[in-house]
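Trainee: I would like to learn how to read the helices of a model. Could we start with one packed pair?

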Amino acid sequence: MESPPPPKLQARRQSETSSRNSAFGALSFKNPKVAVALALLASDAVLVSLIIAYVPYTKIDWDAYMSQVSGFLGGERDYGNLKGDTGPLVYPAGFLYVYSFLQYVTGGEVYPAQILFGILYIINLGIVLFIYVKTDVLPWWALSLLCLSKRVHSIFMLRLFNDCIAMTLLHAAMAALLCHQWHLGLVIFSGAVSIKMNVLLFAPPLLLIMLKAMDIFGVVSALACAAVVQILLGLPFLLSHPVGYISRAFNLGRIFIHFWSVNFKFVAEPIFVSKGFALTLLVAHLMLLTAFAHYRWCKHEGGLLRFLQSVLGSLKLRFAFISSPPLSNPLDGSSCFRILRKEYIVSTMFAGNFIGILCARSLHYQFYSWYFYSLPYLLWRTPFPTVLRIMLFVGIELCWNIYPSNFYSSLMLLGQHMLILWGIWKAPSEYPYEDDKSSRRDKDD
């Protein structure tokens, strides 16, 4: 006869089940936000149809994508020889598989591809609304902000950028994490990285919340699943031209053209392209991530160092139990890690990515899709009045619709980004765990 699970493990399983039930309960049709979300999806689907039907397509990267895919389908496995009108291929292998499928389905024609990207837009919006409804951070009327970006509609339906696919997968990965499906979430996350490398901006906060949600063995196994995805997707290139594939598909040192940048346009071009400027932004990025991790995301554990010490202590205790098992497991089949609150997961992920956006040397117009869908969430996490939140949302959208960007628009964009980050920093810190739902936020800063 099978013995019952240890009490702590049983309580953990009950907590996970309760969390999932409450999560899906939040999506009940009795919830007015669900009705609002469905209405937004329906109305935006109509708008998408009108855009595809009546707004002229802008030729930018689609032909280059098709040229790169044609070389791959023709048997070329050297990344150095996969080129298009805009230059050599610089995306990981997942990009080639997705756009090979699109070429097969559409015959390389733009109009059917626009229809597919219109469907993708609605799917992505549905996933994002799923995240917002489950976290219940915004008032119902503010959900409409997610449908009001002229630039994002253009990125999806009139540009057909691979950023759209990468961010849809990223949002799907976050949805899986909110349902506590960590291994599935990491597999989808890895798939997103295989489309475009910008998704790695989410990696530092993702690793942190994984360390909080799972023991070290769970973290390692989830990361291994993500690694397997990358290896399998890149296998044809790794077997034939591994150096060329890794150096081009995962090149973190690319220098973007100053003219196309939406941010830091106020910086003189010689400085913009210099290694010193890139290094300064990298140091700022790492310092901001460390500060947020220590003072914000790990505040309830006593800071980042103390949290990492607790993780290491748990690992040592686990190894001690394995090497000399006592009569009963001191961890009771579980670990010291608890169920994370959905709001904490989303806040940490979105804020970590936003820090990367703030410190990015160059943001091209399609890069707006990297963080647009997080803006309402982050704005409502600040202590700002609603009027200021709306003004910042509109101001950022305005900056992204000025073409070409100029000294003043780029300076205005940076200023608004810095103001939002300051607001996130000043907001009361969030309690990470679901075992104390009365502690939604600390009263202190």
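**Reading the helices**

Mentor: The crossing of α8 and α9 is left-handed. Left-handed means that the near helix is turned anticlockwise from the far one by less than a right angle; clockwise would be right-handed. Helices here are DSSP runs of H or I with at least four residues, strands are runs of E with at least two, and both are numbered from the N terminus.

Trainee: What describes two packed helices?

Mentor: Two packed helices are described by the angle between their axes and the distance between the axes. Axes are lines fitted to C-alpha atoms over the stretch in contact, with angles from 0 to 180 degrees between N-to-C directions. Here α8 (residues 182–193) and α9 (residues 203–213) have axes that come within 12 Å and cross at roughly 165°. The two helices are therefore roughly antiparallel. The cut-offs: under 35 degrees is roughly parallel, over 145 roughly antiparallel, 65 to 115 roughly perpendicular, the rest oblique.

Trainee: Which residues of α8 and α9 meet?

Mentor: From α8 come W182, L186 and F189; from α9 come A203, L206, I209, M210 and A213. That contact has 8 nonpolar residues, no polar and no charged. Nonpolar covers Ala, Val, Leu, Ile, Met, Phe, Trp, Tyr, Cys and Pro; charged covers Asp, Glu, Lys and Arg; the others, Gly among them, are polar. Contact means heavy atoms within 4.5 Å.

Trainee: What is the source of the coordinates, and how are residues numbered?

Mentor: This is a predicted model, with residues numbered from 1 along each chain as its sequence is written. Local features need pLDDT of at least 70, side-chain atom pairs count only at pLDDT 80 or more, totals for chains, interfaces and linings use all residues, and side-chain values use heavy atoms, leaving out hydrogens and water.

Trainee: How many residues of α7 are buried?

Mentor: Buried means under 20% relative accessible area, exposed over 50%, partly exposed in between (1.4 Å probe, protein chains only). In α7, 15 of the 17 residues are buried, so the helix is largely enclosed by the rest of the structure. After α7 comes H180, with a positive phi near 65°. Helix α15 (residues 342–358) is mostly covered, with 17 of its 17 residues buried.

Trainee: Where is H285, and what does H285 touch?

Mentor: H285 lies in α13 (residues 275–297). H285 counts as buried because its relative accessibility is 15%. Leaving out residues up to four places away in sequence, H285 touches L201, I355, G356 and C359.
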